[in-house]
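Here is a short briefing to read alongside your structure. Take a moment to bring it up in your viewer, and then we can walk through it together.

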Amino acid sequence: MKVFCCLVYYKNHNTNGDKFEKRGKPGIFLGYPQGTKGYKVYDIEDKKMVISKDVIFCENILPPKNNKVEH
């Protein structure tokens, strides 16, 4: 089990052929999706939900309190 709401970096698959595009994007871990392998992540930059298998957890770092999760 991973720490809920910890900082994660997930693999960016939307590089559009640009080799200089960022490969890892920051997000907030929100749990495990039902019926799917992977992790549920809230993308901080794009403000959207993402399900990804390629995730690096920073369990000792919690996101700043001024980043509000919008639905």
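Predicted model: local features only at pLDDT ≥ 70, side-chain atom pairs only at ≥ 80, totals over all residues.

The structure holds 5 aromatic pairs, and ring pairs link Phe29, Tyr32, Tyr39 and Phe57 into a cluster. The largest pocket has a volume of about 170 Å³.

**Aromatic rings**

- Phe29 and Tyr32 make an edge-to-face pair, because their planes stand at 75°, with the ring centres 5.4 Å apart.
- Phe29 counts as buried because its relative accessibility is 2%, whereas Tyr32, at 40%, counts as partly exposed.
- Phe29 also pairs edge-to-face with Phe57, at 5.3 Å centre to centre and 80° between the planes.
- Lys2 lies over the face of Phe57, 4.9 Å from the ring centre.

**The largest pocket**

- The lining of the largest pocket is made up of 13 residues, and those nearest its centre are Tyr10, Asn12, His13, Asn14 and Lys25.
- Strands E1 (7-11) and E4 (48-52) each contribute at least two lining residues, and E4 gives the most, with 3 residues.
- Sorted by class, the lining has 7 charged, 4 polar and 2 nonpolar residues.

Terms used: Residues numbered from 1 in each chain as written. Heavy atoms only, no water. 1 Å grid on protein atoms, 1.4 Å probe; cavity = no way out; pocket = protein on both sides within 12 Å on 5 of 7 lines; lining within 4 Å. Points joined across faces, edges and corners; volume = space filled by probe spheres on them. Helix = DSSP H or I, 4+ residues; strand = E, 2+ residues; numbered from the N terminus. Nonpolar A, V, L, I, M, F, W, Y, C, P; charged D, E, K, R; others polar. Phe/Tyr/Trp six-rings, centres within 6.5 Å; stacked < 30°, edge-to-face > 60°. Buried < 20%, exposed > 50% of the residue type's maximum accessible area, 1.4 Å probe, protein only. Lys NZ or Arg CZ within 6 Å of the ring centre and 35° of its normal.
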